[in-house]
Amino acid sequence: MSFIPRSALSKVLVAAPFLLQASSALAQEEEVIGWGIVSDNVAALILFTLFSGVVLYQIGQARRGKELFIRRIAGLNAVEEAIGRSTELGRKVMFVPGIGTVGEVETLSALSVLKHVAKHCAEYGTPLEVPNKDPLTYAAAREAVKEAYLEAGRPDLFNEEMVPYLTYDQFAFTAQVTGKMVREKPAANFLIGSFFAESLLLAEAGQSTGAIQIAGTAQVAQLPFFVTTCDYTLIGEELYAASAYLSKDPVMLGCIKGQDIVKAIVLLWIVIGILVLSATGSTIMQDLLNSSLGN
Amino acid sequence: MHIFFAMAPLNTPDGFGIWVGAFFTLCILSFLYKDNPFFRFAESIFAGCSLGYYIGNTFSQTIVPNVLEPLVHDGHTPFISWGWWVLVIPIIIGVNLYTRYIPKIAWVARFSLAIYVGYYAALEMMLKLQGEVLPQSADTIISLVPRGTPMIDWFTSIVVMIGVLCVLVYFFFSAEHKGVLGGVSKVGVWFLMISFGAAFAYTIMGRISILIGRVVFLMGDWLGYGA
């Protein structure tokens with residue numbers, strides 16, 4: 001997140017809650033074996049350390065200049081096409097960063113995509129609107145858009161009214177956004193972030209105006225609505241990979257590579273577990289996972 | 001069969017509330033035809049009232065019981081007692097967010113955002129690991145040989161196992177989806193689409209029940225149909 005300053009103090013401030021939260025999560029059970037670590041959570045600690053270690057190692061590799069590949073994601077390739085279409089038609093781009101708080105990973109990913117979209121809008125001089133429901137997401141979204149306009153060398157085009165705060169109520173927010181979509185007819189709608197029951201209402205309204213729509217969420221229950229009403233949909237983890245894909249930032253690419261290795265480890269674990277269970281009837285691989293859950 | 005209507009009375013508080021509710025319900029539903037002044041009126045009232053309600057609600061339900069009352073009534077000694085600092089530090093972090101309205105020190109607000117983001121990212125990480133990744137991985141490990149389990153349960157488990165493995169492969173980003181990887185990820189996409197179809201139908205059923213609730217309100221509470 002580029003809106004977070006990179007000074008040493010800010011790093012300490014960002015790291016402290018991670019450590020506090022991790023230690024408090026580890027200290028939920030009663031049997032403490034030292035250093036505040038609980039016996040039932042040792043396996044979780046090992047996995048946490050292993051997974052973090054793999055990701056950090058890959059980030060290190062990327063920083064040292066190792067070339068990292070990331071596969072094509074159709075929805076993200078269409079971002080520039082959507083902004084280009086808005087520019088040609090002289091209509092605005094609407095970006096809804098979901099209704100979740102800025103603490104949710106989906107919202108953080110949405111803000112990364114927002115920054116990319118805002119940068120292109122600034123370069124092409126295309127009007128942008130980012131309506132918000134959550135107050136903290138609103139603050140972060142405004143910061144991200146402002147920064148994008150600065151980076152694009154067009155701070156003069158940035159206007160605080162481009163990122164309005166509407167209301168905290170889910171359906172009042174939905175009514176306002178659908179109203180805007182129908183009245184102002186944006187040529188491109190981005191519905192990216194954490195969405196719930198309002199997803200179909202928003203996507204349907206946008207679809208009825210003929211706008212090109214790109215959606216993305218990790219909310220499994222809402223994905224079917226986006227798949228049916230939007231031109232492109234970022235499914236689950238594709239959204240998390242979006243910022244790396246768009247920015248091609250080596251550190252972010254390293255993070256994606258690290259996560260893929262973690263996925264491969266989990267996949268391998270499951271396959272070995274299935275083979276061991278089928279051949280010998282032993283549930284050792286399952287038991288190891290369950291023990292990390294304190295079962 | 002007698003069908004009659006007994007509309008809600010306008011001269012009682014409850015009846016008046018029902019009339020207001022019915023009016024706004026119809027205003028919002030009028031959007032199905034097209035955007036119109038009634039919908040815009042209802043939209044603005046809804047947004048304004050909800051925002052006012054949430055500001056009042058947050059103040060009375062969050063700030064008063066969690067900040068003001070403990071600060072005034074719990075007898076903390078300022079600067080000395082630990083409890084006082086526990087209250088004051090979050091207040092400072094919260095108030096700090098408003099520095100963004102003072103251009104010269106607007107950057108200070110970023111510290112509060114950073115703390116908030118860091119805290120919740122860590123919280124989510126542990127919740128996802130312990131609540132989703134590990135339990136699902138453990139449940140996917142099933143025997144390929146049915147050992148006393150009913151055939152239908154065993155078959156369902158096998159389908160779930162294949163689905164989890166193929167979908168997991170689809171979400172590999174650092175390798176081109178070609179050859180075996182491409183084939184497996186294509187099966188993963190099929191699993192995703194089938195699950196989306198099922199979820200779509202399930203959610204639509206829920207939405208229809210919400211619509212039925214509104215129709216029952218209009219027909220029963222407001223128009224008094226069959227009362």
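The model is predicted, and it scores ipTM 0.87 and pTM 0.86. Chain B touches chain A through 57 of its residues, which meet 65 residues of chain A. In chain A, 5 strands form an open sheet with parallel pairing.

**Confidence in chain B**

- Chain B has a mean pLDDT of 90, with 97% of its residues at 70 or more.
- Within chain B, confidence is highest in helix α1 (residues 13-29) of chain B, at a mean of 95.
- The lowest confidence in chain B falls in helix α4 (residues 109-140) of chain B, where the mean is 86.

**Contact between the chains**

- On the chain B side, 57 residues are in contact with 65 residues of chain A.
- The elements of chain B that give two or more residues to this side are α2 (37-73), α4, α5 (151-170) and α6 (179-222).
- Of these, α4(B) gives the most, with 22 residues.
- By residue class, the side of chain B that touches chain A divides into 39 nonpolar, 10 polar and 8 charged residues.

**The sheet in chain A**

- The strand order in the open sheet of chain A is β4-β3-β5-β6-β7, and the pairing is parallel.
- The edge strands are β4 (128-129) and β7 (232-235) of chain A, each of which pairs on one side only.
- Strand β5 (residues 188-194) of chain A runs parallel to strand β3 (residues 93-98) of chain A, and 5 bridges join the two.
- A:Val96 has A:Leu191 in β5(A) as its bridge partner.
- β5(A) also pairs with strand β6 (residues 212-217) of chain A, in the parallel sense and over 5 bridges.
- β5(A) is mostly covered, with 7 of its 7 residues buried.
- A right-handed β-α-β unit is made by β5(A), helix α8 (residues 199-208) of chain A and β6(A).

**A:Thr174**

- A:Thr174 lies in helix α7 (residues 170-184) of chain A.
- A:Thr174 counts as buried because 26 other C-beta atoms lie within 10 Å, where the cut-off is 20 or more.
- Leaving aside neighbours within four places in sequence, A:Thr174 is in contact with A:Glu198, A:Leu201 and A:Leu202.
- A:Thr174 and A:Val55 are 119 residues apart in sequence, and their C-alpha atoms are 38 Å apart in space.

How values were computed. Residues are numbered from 1 along each chain as its sequence is written. Chains are lettered from A and ligands numbered from 1 in the order in which they are written. This is a predicted model: local features need pLDDT of at least 70, side-chain atom pairs count only at pLDDT 80 or more; totals for chains, interfaces and linings use all residues. pLDDT is the predictor's confidence in each residue, from 0 to 100. Helices (H or I, at least four residues) and strands (E, at least two) are DSSP runs, numbered from the N terminus. A residue is buried if 20 or more other C-beta atoms lie within 10 Å of its own, exposed if 12 or fewer, and partly exposed in between; C-beta atoms are placed from the backbone. Two residues are in contact if their C-beta atoms, placed from the backbone, lie within 7 Å. Ala, Val, Leu, Ile, Met, Phe, Trp, Tyr, Cys and Pro count as nonpolar, Asp, Glu, Lys and Arg as charged, and the others, Gly among them, as polar. Two strands pair if DSSP finds at least two bridges between them. A crossover is right-handed if, with the strands pointing away from the viewer, the path from the first strand over the helix to the second runs clockwise.
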